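Colleague: I'm new to this one. Could you show me how to read its pockets and its sheet?

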Amino acid sequence: MSKKFILKKIVLAGSLLAVANISYAEGFKRFSVSAGWLHVMPQGKANPFNINTAVPKGTVANVGAISPDAFINAIDPDAVLNDEPKTNAKEFLKDTLPTLGEILGVFDEQGNISADVTGTTTINGIDQWRNEGTGLEAEDADTLGLMVNYYINDNVSLQFIGGIPPKVDIKGKGEIVANMNGIALPQGDISGLFPNGELPLLTDIPITNLGNKNKAATVRAWTPALEVQYQFGKSGINKFRPYIGAGVMYAHFNDIKLDGGINSDLIAAGHMIQNILDGKAGAALDKKVSSANPYVKVKAEDAFAPIITLGATYDISDNWYSVASVSYAKLNNKTTIDVTDGNTGTRLINSSTKIDIDPLITYVGVGYRF
C-alpha cells in the first residue's frame, strides 16, 4: 500500500470526523417557544404609609361653628378646668355642655357652638406622619405565560418571559389615622373655664380603613423578563434537561382602580384639609364639604428587579417538549396616592408606601422547538 493511498485515507477519515462534529453541533434547535400556566405568589409584606398634607405644623385657623360632639371629641383627655381641685374638662363638658351652653349663650340657631365663641386654634400633627401598621400587599395571580428561547449553542440560551398581564388584587392593611393636637382659644365667658383661657386639643381623626375591605385596589401588572440560561445535558441524548437562569425583570403597572369606599374616604379627607385652609377648623372636624373639588389619583412607579430561575424540560418528541420552572424576583415599587383640588391644582394630601412584591413564580407549559 502506497504512502499516497494511506494519506488519502487519513484525509478522508478526518473530513468525515469533521462533518460528524459539525452535524452534531448543529443538531440543536435555535428557537423554542412554550405556553402554559403562570402562577405568581408575592412574598413581600406591607410597609407603612408616609403622609403629608397642605396644612403646615403650627397652622393657626379660625374654628368657626362646630357641633357640640365634635367640640368635645377634640378636647385633650388630660385637659382640666380652671378650678381646684382640677376637674377633667372633657368629662365635665360632656355632662354639662347642653345646660351650660344655654346659660352662657354659646349655641347658634342650628344648635352648633357659635363661631362667635369658638375663637381660633393652633393645629399640629397633621402636617406629616408615618402611619405604622398600615400598607398594601399584592395577592396571588394566575395568567397565561409565554416563554421564547434563542439558543446560542446547545447549552446556553437567551429567554424572554412574558404572557398576558394579569389583574392583581391589592390587599390593604390597617387604618389611616391623623393624630391632631393643638391649643384652642375660645372667646367670651366660656374661655374663663380653662386655665389661661387655653383649651388643649388631642384627637385621632380616622381617614380610611384599609384592612376591612375585601381588596383595597386592583392593578394590571406587566412584568416581562429577560434571562440568560444554562441547560444541562445534550440534545438528542438527554430527554430530561434541567436548567438554571438569571436575568432582569421590568415591572409596569397600570389600570389602577381604588376601592370605592377608600376613594370616598380620601375625598372627605381632602375636604377636611381644605376647610382648615379656609379657616373652618370646626367644619373640618364635622367632616363638611369644603370649597375644594378633591379627586384621588393613584400611581405605581415602574421598577427593575433581578430574577433567578430553576427549571427543567422533558422531550416528548424531537420538536415537542414539556417544561416546568420556579423563579424568584426581588421586586418592589413605590406607590403614591394623592388627593388634589380640581379647582386650584393644590395637592391637599400626599401619601406613599413601598410595596414589597418579591414574587415566587411557578410555570408549567408545553413547547415547540424549531
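Colleague: Which strand gives the largest share of the lining of the largest pocket?

Modeller: This is a predicted model, and in it strand E12, residues 217-222, supplies that share, with five residues. The whole lining has 45 residues; Val 168, Ala 221, Thr 223, Phe 253 and Ile 357 lie nearest the pocket's centre.

Colleague: How is the space in a pocket found, and how much is there in the largest pocket?

Modeller: The general idea is that rolling a probe the size of a water molecule over the atoms shows where empty space is left. Here the largest pocket holds about 590 Å³.

Colleague: What classes of residue line the two pockets?

Modeller: The lining of the largest pocket has 34 nonpolar, ten polar and one charged residues. For the second largest pocket, the lining has two nonpolar, five polar and seven charged residues. About 230 Å³ of space lies in that second pocket, and Ser 235, Gly 236, Asp 315, Asp 318 and Arg 369 are nearest its centre.

Colleague: Now the sheet: in what order do the five strands come?

Modeller: In general, strands of a sheet pair through backbone hydrogen bonds, either parallel or antiparallel. In this open sheet the order is E5-E2-E19-E18-E15, with antiparallel pairing. E5 (128-131) and E15 (294-300) are the edge strands, each pairing on one side only.

Colleague: How many bridges join E15 and E18?

Modeller: Seven, in the antiparallel sense. Tyr 295 stands opposite Thr 340 in E18.

Colleague: Which helix lies across E2, E15, E18 and E19?

Modeller: That is helix H5, residues 260-277, which runs at about 140 degrees to E19.

Conventions
Residues are numbered from 1 along each chain as its sequence is written. This is a predicted model: local features need pLDDT of at least 70, side-chain atom pairs count only at pLDDT 80 or more; totals for chains, interfaces and linings use all residues. Side-chain values use heavy atoms; hydrogens and water are left out. On a 1 Å grid over the protein atoms alone, a cavity is a set of points where a 1.4 Å probe fits but cannot get out, and a pocket is an open set with protein on both sides within 12 Å along at least five of seven lines; lining residues have an atom within 4 Å of a point. Grid points are joined across faces, edges and corners, and a volume is the space filled by probe spheres set on the points. Helices (H or I, at least four residues) and strands (E, at least two) are DSSP runs, numbered from the N terminus. Ala, Val, Leu, Ile, Met, Phe, Trp, Tyr, Cys and Pro count as nonpolar, Asp, Glu, Lys and Arg as charged, and the others, Gly among them, as polar. Two strands pair if DSSP finds at least two bridges between them. Contact means heavy atoms within 4.5 Å. Axes are lines fitted to C-alpha atoms, for helices over the stretch in contact, and angles run from 0 to 180 degrees between N-to-C directions.
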